[in-house]
Amino acid sequence: MSMINERILKRIYTNKTSLLGLVIVVFFLLVALLAPVLAPVENPNNPYQLPQKSYQIAPQPPSAQNWFGTTEQQYDLYYGVVWGTRLAFKIGLTVTFFAFLIGLFVGGVAAYFGGKTDEVLMRLTDIVFAVPSLVLAMVIAAMLGPDIKNMMIALTAVAWPSYARLVRGDILSVKQRDFVTAARTLGARGPRILLRHILPNAIYPSVVVASLDIGYVVLTAASLSFLGLGAQPGTADWGQLIAMARNWVLGTPGNPFAYWYTVAAPGGAIFMFVLGWNLLGDAFRDILDPRQV
Amino acid sequence: MTVPVAIKQLYKTYTRRRWLGKNWEKPVLKDINLTLEENHVLGLVGESGCGKSTLCKVLLGIETPSSGQVLVCGKDTARISKSEFKKLRRVMQVVYQDPYSSLDPRMTVRQILSEPLDIHGLKKDRAERSAFLSELLASVGLSAAQLDRYPHEFSGGQRQRICIARALALDPKILVADEPVSALDVSVQAQILNLLKEIKTERRLSMLFVTHDFAVARFLCDDIAVMYQGRIVERAPAEELFENPQHPYTRALLSAVPSVRAPRREPPATRQEWPEREQWNCPFAGRCPYAQPSCEKAPFAFQEVAPRHSCSCGLLPFKK
């Protein structure tokens, strides 16, 4: 295993774009971990509650006090971006983890039992695929009510089918290989073959997709928050910060960039976060692709 | 004394159920009768798609026979319980053709060789197991220092040695070898064949050796059975088969063997095809240059042409 880790690190170091991805993701990770230090909490009951400086409507440009400026109703953008990073990791990792788990289970069962079970489960995933995922997530989130937890449920509900399909396909192809038949002739039973031979060889493509997915999940979460189906106003959430900037994005007549800072910081954060995970995911794909070895 | 393997009137048909209309059916093995004697190597020769590998799968219990019997050490594999079959697995092991896909790439050699012992709960003591694995690896010509390596660190020939070691871990009496050398370089082939021959003598193994290479079959096999379209068409001791091939298909196969020195004895007979003879009783009629009108109705039956040498062609004996 250590040998594989060494290879992964070597690959990442020698490839500039994957190194950039790693740097970006590690940077965001540090921000998320050090959030209480970087932006001291003002409401200990709910650290994701944005501190409100005053009740003045118009956003204020960056200043010594509010580094990234303030948005509508004087919510501090710096605080929002820092704690929003922590929330982004929370959403991205939780949703991807559960989607991966559900997909692994459904795909595994479909491939293992085959026949009618396979048919039913795969048609179910097709149904989810048939509806554009953002629309479906919006419908589910709207049905459950606007709340971060409900938004994560909605995101998981649309993310798992791609894992199910991928895992099923990989299991079916590994199942054909001689070492699986050889294990059967040695007398190994189903569960042993599945856990020791099939899954370890079939899981890696899904891991790559998962690493690419974390960025997209955060992007979709921001879209839902923007539409008012996720985080509530006043929450330190990137999508929510952009939603609060909605009235100011166009600037004033004659000066379209009058309130540029209302979207610059949260928008930039989303952009960099998705980019980082994308580059890192590409690196994982290159490393785990057997043709590259 | 029961023979290690006896196959009686074995049929295997693959079917695919359809939602509408007739089920799709493909008969792969037809009326196979074979016996494998103790410490003998039985070669199974035939072109690709003739059912050689399917026969191995049925014998190993990976596929179930459609009808007929497979007796391993006198026990009908289709009728015994699962736990009894598991005991029978220790008697019969397999080596596959492709050494690249028959070893789990994420397991070390130690894990690969330990697996059969784990499954059957053997050699649980740590020191005892370690010694056993080293000895096992040495017996196939690899060193104990290579135990903690991964399969991708080995060459094709070495991987095939690991596969053989895995098959031998349970000390079987029967070894099924499904084209074990056809994926290897010629020079490596010779090493693996020598190893198999050695093991066969030392452990008194009976072996079913599938191949499409007559030179390989001649080197290793005591008896040879020739398969065509799911049927055995000729069976004879190896030397007898090469000296006195009877069935037109066997002769066609032998004449198609490329040789460096000798020119072809007769042109490969299977160049021409007669599709209108597809429905004849003789399965080879569609490609047989010697076919007579009588072949259309003649029943498929074996006749003895020499001691232990039987052939299914109705036009026998063939004279050179």
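What share of the contacts in chain B with a separation of 6 or more is accounted for by residues 24 or more positions apart? In this predicted model, such pairs account for 61% of those contacts in chain B. The secondary structure that carries them comes to 9 helices and 12 strands in chain B. The radius of gyration of chain B is 21 Å, close to the 20 Å that the globule rule gives for 320 residues, and chain B is therefore as compact as a globular protein of that length. Taken along the principal axes, the box filled by the C-alpha atoms of chain B is roughly 70 × 55 × 45 Å, and buried residues make up 38% of the 320 residues in this chain.

The largest nonpolar core has 79 residues, among which B:Val176, B:Leu208 and B:Phe209 touch the most other members. Helix 5 of chain B, residues 156-168, gives this core its largest share, which is 6 residues. To see what surrounds one of these members, the reader may look at B:Phe209, which, when residues up to four places away in sequence are not counted, touches B:Val41, B:Leu42, B:Gly43 and B:Leu44, and also B:Ala177, B:Leu220 and B:Cys221. There is also a second, separate core, with 75 residues, and this one includes A:Phe68, A:Ile198, A:Ala245 and A:Phe284.

The next topic is where the two chains meet. Here 18 residues of chain B are in contact with 14 residues of chain A. On the side of chain B that touches chain A, at least two residues each are supplied by helix 2 (82-89), strand 6 (92-95) and helix 3 (109-120), and helix 3 of chain B gives the most, with 4 residues. Sorted by class, this side of chain B has 8 nonpolar residues, 6 charged residues and 4 polar residues.

Helix 4 of chain A, which runs over residues 77-113, has 37 residues and reaches 52 Å from its first C-alpha to its last, a span close to the 54 Å expected at 1.5 Å a residue. Along the way helix 4 of chain A has a kink of about 25 degrees, centred on A:Gly84, and just after this helix A:Gly114 takes a positive phi of about 65 degrees. Helix 6 of chain A, residues 133-144, has 12 residues and reaches 16 Å between its first and last C-alpha atoms, close to the 16 Å expected at 1.5 Å a residue. Just after helix 6 of chain A comes A:Gly145, with a positive phi of about 100 degrees.

Backbone angles of this kind deserve a further look in chain B. Most residues other than glycine have a negative phi. B:Asp31, however, has a positive phi of about 50 degrees although it is not a glycine, and this residue is found in strand 2 of chain B, residues 24-36. B:Asp31 counts as partly exposed because it has 14 C-beta neighbours inside 10 Å. B:Cys73, which is not a glycine, likewise has a positive phi of about 50 degrees, but B:Cys73 is found in the loop between strand 4 (67-72) and strand 5 (75-76) of chain B. With 15 C-beta neighbours inside 10 Å, B:Cys73 also counts as partly exposed.

Note on methods. Residues numbered from 1 in each chain as written. Chains lettered and ligands numbered in written order. Predicted model: local features only at pLDDT ≥ 70, side-chain atom pairs only at ≥ 80, totals over all residues. Rg over C-alpha atoms; globule rule 2.2 N^0.38 Å. Buried ≥ 20, exposed ≤ 12 C-beta atoms within 10 Å, placed from the backbone. Contact = placed C-beta atoms within 7 Å. Nonpolar A, V, L, I, M, F, W, Y, C, P; charged D, E, K, R; others polar. Expected span 1.5 Å × (residues − 1). Bend = angle between axes of the 7 residues up to and from the residue. Core = buried A, V, L, I, M, F, W, Y, C linked by C-beta atoms within 7 Å.
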